[in-house]
Amino acid sequence: MESAELRELYQTVILDHYKKPRNFGRPAGADREAEGRNPLCGDHFKVYAKLDGDRVAAVGFEGSGCAISTASASLMVVTFVGTTTSP
């Protein structure tokens, strides 16, 4: 069972990324994109990436959705910057 402090930390992180999403918008020079929709709740996001060889040089997203999906998109794009596409 998770502690109250851990739940509070998760809520703080989710609310922070929802209110101030990181890398919101299309990065300059983006050469990849993907789009997703949830017809049940209306969430709709587009994710953009700019590759430099096999390295992810920039990632951003646009769209709208609930707090959880917006925070998830924000956390995802922050995580991918600097990663490589090769295994």
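**Figure 1. R55 and its salt bridge to D52.** R55 is partly exposed, at 35% relative accessibility (buried means under 20% relative accessible area, exposed over 50%, partly exposed in between; 1.4 Å probe, protein chains only). In this predicted model, R55 pairs with D52. The closest N and O atoms of R55 and D52 are 3.8 Å apart. A salt bridge here is a side-chain nitrogen of Lys or Arg within 4 Å of a carboxyl oxygen of Asp or Glu. Side chains of opposite charge can pair when their charged atoms come close.

**Figure 2. A salt-bridge network of D16, K20 and R22.** Shared partners join D16, K20 and R22 into one network of salt bridges. The search of the whole structure finds seven salt bridges.

**Figure 3. The salt bridge between E33 and R26.** The two side chains meet at 3.2 Å, N to O. E33 is partly exposed, with a relative accessible area of 46%. R26 is also partly exposed, at 45%.

**Figure 4. The salt bridge between D31 and R32.** The closest N and O atoms of D31 and R32 lie 3.8 Å apart. D31 has a relative accessibility of 39% and counts as partly exposed. R32 is partly exposed too, with a relative accessible area of 48%.

**Figure 5. Fold and surface of the protein behind the close-ups.** The protein has two helices and three strands. From the N terminus on, they run α-β-β-β-α. Helices (H or I, at least four residues) and strands (E, at least two) are DSSP runs, numbered from the N terminus. The C-alpha trace spans about 45 × 30 × 25 Å along its principal axes. Of the 87 residues, 22% are buried. Among contacts with a separation of 6 or more, 45% join residues 24 or more positions apart; contact means heavy atoms within 4.5 Å. The accessible surface comes to about 5,900 Å² (Shrake-Rupley method, 1.4 Å probe). Carbon and sulfur atoms hold 58% of that surface.

**Figure 6. Charged side chains of the protein.** There are 10 positive and 11 negative side chains. Lys and Arg count as positive and Asp and Glu as negative; His and the chain ends are not counted. The centres of the two sets lie 4 Å apart, with each charge placed at NZ of Lys, CZ of Arg, CG of Asp or CD of Glu.

**Notes.** Residues are numbered from 1 along each chain as its sequence is written, and side-chain values use heavy atoms, leaving out hydrogens and water. The model is predicted: local features need pLDDT of at least 70, side-chain atom pairs count only at pLDDT 80 or more, and totals for chains, interfaces and linings use all residues.
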